[in-house]
Amino acid sequence: MASATAALRVGAATPLLAVACIVGMPAAYVFSHVTRRRDDNWLKLAVAAGLLLAFGGFLAAVAGLGADGIGSVQVPLAELFLWVQILHSFHLPARRDLLFSVASSVALIALAGVLSTSLDLVPHLIVWLGGFVASLVLAHHSELDELPPLGDHAPQGRAVLRPAIGVAGVLIVLATALFVVTPGATANRRFAFPARLPGAVPVPDPGGLSNPTLGDADPARPGQAGQGRSSFGYFGFAEEVDLAVRGRPDDTLVMKVRANRPDFWRGQTFDTWDGRRWTLSDTRERAIRGARPLSLPSRERSFGDEELLQTYYIQRPGPNLVFGAYAPSELWFPDNTVFVLSDGTIRAGVELGTGAVYTVVSRRPPVTADMLRASGGPVREDIALRYAGPPVATERVRRLAESVTAGAPTTYDKVRALEAWMGRHTEYSLDAPPLRPSADAVDQFLFVDRLGFCEQIGTSLVVMLRSLGIPARLAAGYAPGERNPFTGLFEVRARDAHVWAEVWFPGLGWQGFDPTASVPLAGEGGGLTAGAGLWSYVTRRLPHPAPVPTVIVVVLGCAVLLTVHRARRRRLQRDTPWARRYLDRLEAEGASRGRPRRPNETAAAYASALAGGVLPERELADVAAVLDTEAYAPHPASDADRARAETALADAASRWPA
C-alpha cells in the first residue's frame, strides 16, 4: 500500500486506477485472507487473465508513444505494476506469494522515486521500509515455526522488534553507503523525458519576449500601469539589462533541473553596450516547428561533442525563455513551435507556467584549460564584427585591461588574469551603490565603488576583453543552484538569476566565465555521484541560529556506538550459559599463570591441575560435579551448587601463586 500510494502521489495512474488501488487492494487482501485455505482454480485463472490484460494494455500504451521515446515508458510501467499488485492481492495463499508482492513493491517504489521531483515520498518510503523489514523478519520466523522442536522443550517465543530494528539499521547503512558512491544520472544513453504544459496560453507577440514577473516592465505588455515586479522576477530577463537598476530576486524556488553535471542554465545573451545598459542588436527570430524532438540550428557544434541532458521542471511562472546549457541541439517541448534568435536564444510561443516541463539536449566540446589555451586560428568574420568591436569604455578601463593582461600569452590566460585582478581589488555585494548620472558603469565599478554584484562584474569582464579585441558577450540565465542529493535535481531559486561573460574560442565556441560562480569546464570535474553534496545539504538545514558543528555530531555518534557496544556486551553475558562463563574465567586464571587448558583436558581435570593443593579435595569434587552436571545432566545445576563453585573459584584465585 505504501508503494502504491507513492506511485499515485507522483501521478503515475489514472483516476480509475487510483480508486482501484485505494479501495480494491485492501478489499483484495481481506478476500485473500478469508479464502487462503481454498484451492480455487477459477480464481487463479481469473488473476492470470487479468494480468494478461494489464500487460496487453501496457504494450498498447508503449506502442502509442511514438517519438516520445523510452523515457515515457515510466508511467505505463508504473501502471502495470499497480495492476499487478491489485490483481495478485486477490490470491496470496502462501508465504512465497506474499514475498512476491513485497518484491514487486520494491520495483514500484523505485519507479515512484524516478518520477518524483520532490521529497514528498519520504513518508511513503519510511512506511514502506517498516513494512518491508517486518515482512522479512516475520517470514523468517514463520519458516522457523514449521521446523520440529529440538528435544522435549516447547519453543520459546521469538522477539520480532529487535531483529527488525537490526535489519532496518543494516539496510539504512548499506543504502547510504551505496547512495554516496553510486554514479548519478548519466546522459550516455539517449532518453527522452516527458514534456508537459498545464495550459497553452499564447504570448501576446509570437516570437517576442514575454516576462509577466516584471509587471509594468514586461516587454510583451508595454505601458501596463500598476503592475509591480514580483519578488522573484529578474530584470535581466528583458530586452535590456540596465546597470542602474538595483534590487535582487528573493529565495523563491523557480525551477528544478535534472542533469548529471552543473552548468550555467542560459536564457539569452546581449551584445551591444552603451556604457550603462546592454541590448541585443539582432532580434529577428526564426520559427522552428515539427514533432518532438525539435532540432535546433547551430554553427557551433563539432563532431565528438558530448551530450548534456537537462530536464527543466518549472515551479513558478516566468519568462517565455527556454533555458539550456550551451549549446542546445535538440528540444523536447510540449508545444510544436519555438522561436530561435541568431545568438541561440530560444523563446516559446506560449507562457511557461507552474508545472511546465521540457528537456534540452546540449552538445558541447569537453574542453579543459589546456584545450582553451591551445585554441587558435582566425575568428569567424560574423563573430568578430558582432562581438569583438571596440566597446564603449573610458580610457583608464582600456589601460587597466592592457596592463593586467600584459604577461598573459593566450586568450584563456587573459580571461583568468582579469578575473584574478577583480577578485583581489573588487568585492561582491548586493548593496552596490547607485550608478551616478552620466557615469560609465564599468569605470565607476572598477575605480570608484569597487563594490557590485554579477551585473557589474560580468559587464566589466566583457568590456575589458572586447577592448583587447577578444570576442565576448554577456549571457543571462541562472547559476546551477543547489543540488538536492535525495532527488538528484538542482534546485534553482530566484536569487540564482545571474549574468556572466561568454568568450569565443575558435574551434570550441562560446565558453562561460564568471569570478562569482564556480562552474567547472565541460571537460573537467567528471560526473556527480548520487549522493554528491549530501553532507552540505543536510548541515545547511540543521537547526539555527548556527548549524551543529561537526565535532558534536562525531561525539554523539561515538557515544551512540559506545552505548550500543556496551548493551551488546551485557546482552551477550546475559545470554551466555553459566557453565561457559565459569569455564572462561577458570581458563583465564590458568592462562594468566602459565598453565593454559590442554585440548584433551576435561574441565574437572583442568580444575584439579590448577588446584595444586590450594583447593581442598571436597571443594574440588564439588566443582567437578557441578561442571559435569552442567555438561551432561538433563537438567542444569542448582543455584546453590553454582554458588559453591563460584565461591571455590574465587577463593582459589586469591591463593594461587602468580
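The largest nonpolar core holds 79 residues, and among them Met255, Trp265, Leu331 and Tyr358 touch the most other members. A nonpolar core here is a set of buried Ala, Val, Leu, Ile, Met, Phe, Trp, Tyr and Cys residues joined through side-chain atoms within 4.5 Å. Buried means under 20% relative accessible area, with exposed over 50% and partly exposed in between (1.4 Å probe, protein chains only). Helix α13 (residues 454-467) supplies the largest share of this core, 7 residues. Helices (H or I, at least four residues) and strands (E, at least two) are DSSP runs, numbered from the N terminus.

The model is predicted: local features need pLDDT of at least 70, side-chain atom pairs count only at pLDDT 80 or more, and totals for chains, interfaces and linings use all residues. Residues are numbered from 1 along each chain as its sequence is written, and side-chain values use heavy atoms, with hydrogens and water left out.

Leu331 touches Pro293, Leu294, Leu296, Val322, Val338, Ile346, Tyr358, Thr359 and Val360, not counting residues up to four places away in sequence. Contact means heavy atoms within 4.5 Å. A second, separate core has 15 residues, including Tyr582, Leu583, Leu627 and Ala637.

A search of the whole structure finds 5 cavities of 30 Å³ or more. A cavity is a set of points, on a 1 Å grid over the protein atoms alone, where a 1.4 Å probe fits but cannot get out; lining residues have an atom within 4 Å of a point. Grid points are joined across faces, edges and corners, and a volume is the space filled by probe spheres set on the points.

The largest cavity has a volume of about 230 Å³. It is lined by 18 residues, of which Asp263, Phe264, Arg364, Gln511 and Gly512 are the closest to its centre. Strands β18 (497-505) and β19 (509-513) each give two or more residues to this lining. The largest share, 3 residues, comes from β19. By class, the lining has 11 nonpolar, 3 polar and 4 charged residues. The second largest cavity has a volume of about 160 Å³. Arg316, Pro317, Gly318, Pro319 and Tyr478 lie nearest its centre, among 17 lining residues.

Helix α4 (residues 74-88) has 15 residues and should span 21 Å at 1.5 Å a residue; its end C-alpha atoms are 21 Å apart, which agrees. The expected span is 1.5 Å times one less than the number of residues. Buried residues of α4 include Leu80, Leu82 and Val84. Their cover includes α1 (2-9), α2 (15-34), α3 (41-63) and α5 (95-115).

Key. 1 Å grid on protein atoms, 1.4 Å probe; cavity = no way out; pocket = protein on both sides within 12 Å on 5 of 7 lines; lining within 4 Å. Nonpolar A, V, L, I, M, F, W, Y, C, P; charged D, E, K, R; others polar.
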